[in-house]
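Dear colleague,

Please find below the structure I promised to hand over, together with its sequence.

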Amino acid sequence: LINLLSSCSNESDLFDEYILQEEEIEEPIVDENPNSGDESEPDDAPSNDISAFSDFVESTPNKIVGTFNPTSAAEISDPSKANYKAIIDASFACDNCTFAENLTIEPSGGAINGKNINLNGAFILNTFKKGFTPNTSFSEIYSKTRLSPETFGANGGDNASDDDSFSGLIANVAYAVGKPSSIYVKNKETVHSRSGLFDFEMGGATVQTTNAASLSHGTAVSNQQKYLFEFTQLNVKFFNGNFDGQNIASRLIKLKGVQSYLFDNVFISDYFSPPNAYARAIAISIELEDNFTGGKLLNSTIKNIGAASNGNANDTPFGVSKAISLAIRTQNSSNQLVEGCIIENIYGDDAEGFYNAPAFGYFGKYNYATNKSQITFNNNLFKGCQRRALKVNASNCNITNNIIESATNDWIFSGAQATSVHVFSIKRGEAIRNVNVRGNVIKTIGDARNPGFAINDATDCLIENNNFEASYPMLQRTISFGVFSEQGGLYSGD
């Protein structure tokens, strides 16, 4: 069924949910509210070879003329030990010390503890053993070799928290590596802010949450802004690893004002926002600022991201879950790519695979006609996103060659399932622009009531060569092209 609309009364939540999304920010956002089973996989996914994405080249090792086992700051700073190998099997303080020149550091279970340590050309071996305490700081970011969380005291084979070790690693190291098959425990929400690069070859390791005691799942409004990892300013790269919330944690990664990001071959699963928690469930949250240049999410899986239902799709943040949430706080040019990924089983009252919009506090400055932030979804599988697979509320989005399948169940309450791919402006009097939906297969399957596709209040958009399928006819299973009457009748395009 094709439904040509002058208003979209069956999508009554569209403006309400935007206004309610961040209740702690009292800002007028819009002028008025309207009343408002196939197992297919994406083909031709990009290669998992990270050499195309990571610029890491290990430095030439230092010349070694002897070996010693330092037990004090004085010994490791002794100029006569230049070009020695220092085996760190003892623990000692080293505040503001300068190592002997061009040491080779071999962590061996001891722990150097100090602030503003000048490595002085040191080459640190990665032995997957402790060499520094988590609160140690170097005078500059170390980049000669990849170091592991174990270097700062983590143990990927026990049940103890590794939060502090991760903080030490991220604060001091440009290139990191995980121990294969290790399970690191991350039970606290931490913020990591510095310039430069953090490039983590996870090596098949898993970062897992085991205890909710320190997580923000109470009633405070600030809860929803806290993530297991929040990165600001950095260039962030993660490869070849797993993140497992075990339905204990609810929000994994927030990229706020980062310069760039890259995720390749990562598996993110089981993040859940519990009943009455003032918190969404989100796998990856991205907030673009003026310094942003681009990002990629490749060959990765995000699944089982959910929030406890309270029977209301417009009661943000309760019942809200997103695989990817994108907020735009800049007019500058950038390009993002999501390719070869699987986004599956996103559940709750307002559960979506992807959501983008102007950032809060930036709504008045965002211009649909001139904004240059662009994102492309190509050759992905969206499967079982209960409310929507993609909700596009910002210009410059390309949705090409994807397989998009609804969940199989009937809606959990009336109106719970909205349009699978929905493109519309949320700013009165401005049309959304440059959204191209091409070559996709969009399926409403089982007893789901999701309309397949709708585009409202749009111009300069291209919709072509898409295949819409349904298990059987149903009134809600439509595709729609129309306008909100409150938007002033904006619509043009192909």
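I begin with helix α3, whose buried residues pack against β8 (175-177), β9 (183-185), β10 (190-193), β11 (197-201), β12 (206-208) and β13 (229-244). This helix spans residues 163-172 and is mostly covered, with seven of its ten residues buried. Those buried positions are Asp163, Ser165, Phe166, Gly168, Leu169, Ile170 and Asn172. Please bear in mind throughout that this is a predicted model.

As to the overall make-up, the protein has three helices and 35 strands. Of its 494 residues, 57% are buried. Its accessible surface comes to about 18100 Å², and carbon and sulfur atoms account for 46% of that area.

The largest nonpolar core holds 103 residues, and those with the most contacts inside it are Phe99, Ile105, Phe229, Phe231, Phe238, Phe243 and Ile302. Strand β14 (residues 251-273) supplies the largest share of this core, namely nine residues. For Phe99, leaving aside residues up to four places away in sequence, the residues touched are Ile76, Ser77, Cys94, Ile105, Ile112, Ile117, Asn118, Leu119, Asn120, Ala122 and Phe132.

One open sheet may also be of interest to you. Its four strands follow the order β2-β3-β5-β7, with parallel pairing. Strands β2 (66-68) and β7 (123-124) stand at the edges with a single partner strand each, so one side of each has no neighbour in the sheet. Strand β2 is joined by three bridges to β3 (residues 84-88), and the two run parallel. Within this pair, Phe68 stands opposite Ala86 in β3.

I turn now to the charged side chains. Side chains of opposite charge can pair when their charged atoms come close. The count of salt bridges in the model comes to 17. Three of these pairs are described below.

The side chains of Asp350 and Lys322 meet in a salt bridge, at 3.5 Å from N to O. Asp350 belongs to strand β21 (residues 350-358) and Lys322 to strand β18 (residues 320-328), so this pair ties together parts that are 28 residues apart in sequence. Are these two residues buried or exposed? Asp350 has a relative accessibility of 2% and therefore counts as buried; Lys322, with a relative accessible area of 1%, is buried as well. Both residues also take part in a network of salt bridges that links Lys322, Asp350, Glu352, Arg387, Arg388 and Lys391.

Glu344 forms a salt bridge with Lys303, in which the closest N and O atoms are 4.0 Å apart. This pair links distant parts of the chain, with Glu344 in strand β20 (residues 342-347) and Lys303 in strand β17 (residues 301-307), 41 residues apart. Glu344 is partly exposed, its relative accessible area being 22%. Lys303 also counts as partly exposed, at 22% relative accessibility.

Glu430 has a relative accessible area of 21% and is partly exposed, whereas Lys427 is buried, with a value of 11%. The cut-off explains this assignment, because a residue is termed buried under 20% relative accessible area.

With kind regards

Key: Residues numbered from 1 in each chain as written. Predicted model: local features only at pLDDT ≥ 70, side-chain atom pairs only at ≥ 80, totals over all residues. Heavy atoms only, no water. Core = buried A, V, L, I, M, F, W, Y, C linked by side-chain atoms within 4.5 Å. Buried < 20%, exposed > 50% of the residue type's maximum accessible area, 1.4 Å probe, protein only. Contact = heavy atoms within 4.5 Å. Areas by Shrake-Rupley, 256 points an atom, 1.4 Å probe, with all protein chains shown as cover. Pairing = 2+ DSSP bridges.
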